[in-house]
Amino acid sequence: MPSLPHDAPGIHSPEEVAKVLETARRLDPDVCRHLALRYFAGLRRSEAAALGEEHLRAEYVEVPAEKAKTRRRRLVPIRPALRAWLAVGGSLPLRDGNPRLAAVATASGVPWPRNAPRHSFCSYHLAEFQSAAQTALEAGHSEQMLFAHYRELVD
């Protein structure tokens, strides 16, 4: 018997991302910095929480093996959108992140599907660059995982 497809992952529209990040910029710049890494570098929540300022280089974000879920080091390019949001300020690592993230999410009024920042990154990155291999490499997982769990069709 064929298996039924999984529900599509919940993602944020560009307008919702802007609303969340503007709320974070206003209320808590450290949360803004943390979320920028998740939205524009595809970091997992645990990875973004584990990184410090020393992991932000001029051209890329370094995710060391000991901080990556897959235990494989990766370098994620800092593209213009991420660079702009990092310029807002704040600092890493994000301490006491759960209540601070929840406060920003609530204040933004944007619904928060599970893993929305990462799913949004994978979906929009794939649409922009048309390369499952590149998207999977930057997100730190396989192409099979990308198509099975992490992306929604967007334009």
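Predicted model: local features only at pLDDT ≥ 70, side-chain atom pairs only at ≥ 80, totals over all residues.

Me: How are α6 and α7 oriented to each other?
Reply: Helix α6 covers residues 116–129, and helix α7 covers residues 132–139. Their axes are 9 Å apart and pack at an angle of about 150 degrees. Angles over 145 degrees count as roughly antiparallel. The orientation of α6 and α7 is therefore roughly antiparallel.

Me: Which residues of α7 meet α6, and which residues of α6 do they meet?
Reply: α6 passes α7 in a right-handed crossing. On the α7 side, the residues in contact are Ala132, Gln134, Thr135, Glu138 and Ala139. Their counterparts in α6 are Arg118, Phe121, Cys122, His125, Leu126 and Phe129.

Me: Is histidine 125 buried or exposed, and what is its relative accessible area?
Reply: Histidine 125 lies in helix α6 and takes part in the contact with α7. Leaving aside residues up to four places away in sequence, histidine 125 touches Arg79, Gln130, Gln134, Thr135 and Glu138. The cut-off for a buried residue is a value under 20%. Histidine 125 is buried because its relative accessible area is 5%.

Me: Which residue has its backbone oxygen 3.5 Å from a polar atom of the side chain of histidine 119?
Reply: Histidine 119 is found in helix α6. At a relative accessibility of 7%, histidine 119 counts as buried. A polar atom of its side chain lies 3.5 Å from the backbone oxygen of arginine 114.

Me: What is the handedness of the crossing of α1 and α5, and which residues make the contact?
Reply: α1 passes α5 in a right-handed crossing. From α5, the contact involves Val104, Ala107 and Ser108. From α1, the residues are Lys19, Val20, Thr23, Ala24 and Leu27.

Me: How are α2 and α5 oriented to each other?
Reply: Helix α2 (residues 29–41) packs with α5, the axes lying 10 Å apart. In this contact Asp30, Val31, His34, Leu35 and Arg38 of α2 meet Arg100, Leu101 and Val104 of α5. The angle is about 85 degrees, and the range of 65 to 115 degrees counts as roughly perpendicular. The orientation of α2 and α5 is therefore roughly perpendicular.

Me: What kind of aromatic pair do tyrosine 39 and phenylalanine 40 form?
Reply: The structure holds one aromatic pair. It is formed by tyrosine 39 and phenylalanine 40, at 6.4 Å centre to centre and with 50 degrees between the planes. Planes under 30 degrees apart would count as stacked and those over 60 as edge-to-face. The pair is tilted.

Me: Which relative accessibilities do tyrosine 39 and phenylalanine 40 have?
Reply: Tyrosine 39 counts as buried because its relative accessibility is 4%. Phenylalanine 40 is partly exposed, its relative accessible area being 24%.

Me: Where is asparagine 115, and what is its phi?
Reply: Asparagine 115 is placed in the loop between α5 and α6. At 31% relative accessibility, this asparagine counts as partly exposed. Although asparagine 115 is not a glycine, its phi is positive, at about 60 degrees.

Me: What is the phi of arginine 71?
Reply: Arginine 71 is placed in the loop between β1 (60–63) and β2 (74–77). With a relative accessible area of 54%, arginine 71 is exposed. It is a residue other than glycine with a positive phi, near 60 degrees.

Me: How many Å apart are arginine 72 and histidine 141, C-alpha to C-alpha?
Reply: Arginine 72 is also in the loop between β1 and β2, and counts as exposed at 63% relative accessibility. Not counting residues up to four places away in sequence, arginine 72 touches Val63 and Ala65. In sequence, arginine 72 and histidine 141 are 69 residues apart. In space, their C-alpha to C-alpha distance is 9.7 Å.

Me: Is the peptide bond from leucine 92 to proline 93 cis or trans?
Reply: Proline 93 lies in the loop between α4 (80–86) and α5. The omega of the peptide bond from leucine 92 to proline 93 is near 0 degrees. This bond is cis.

Notes: Residues numbered from 1 in each chain as written. Heavy atoms only, no water. Helix = DSSP H or I, 4+ residues; strand = E, 2+ residues; numbered from the N terminus. Buried < 20%, exposed > 50% of the residue type's maximum accessible area, 1.4 Å probe, protein only. Polar contact = N/O pair within 3.5 Å; in protein donor to acceptor, adjacent residues only side chain to side chain. Phe/Tyr/Trp six-rings, centres within 6.5 Å; stacked < 30°, edge-to-face > 60°. Axes fitted to C-alpha atoms, helices over the stretch in contact; angles between N-to-C directions. Parallel < 35°, antiparallel > 145°, perpendicular 65-115°, else oblique. Left-handed = near helix turned anticlockwise from the far one by under 90°. Contact = heavy atoms within 4.5 Å.
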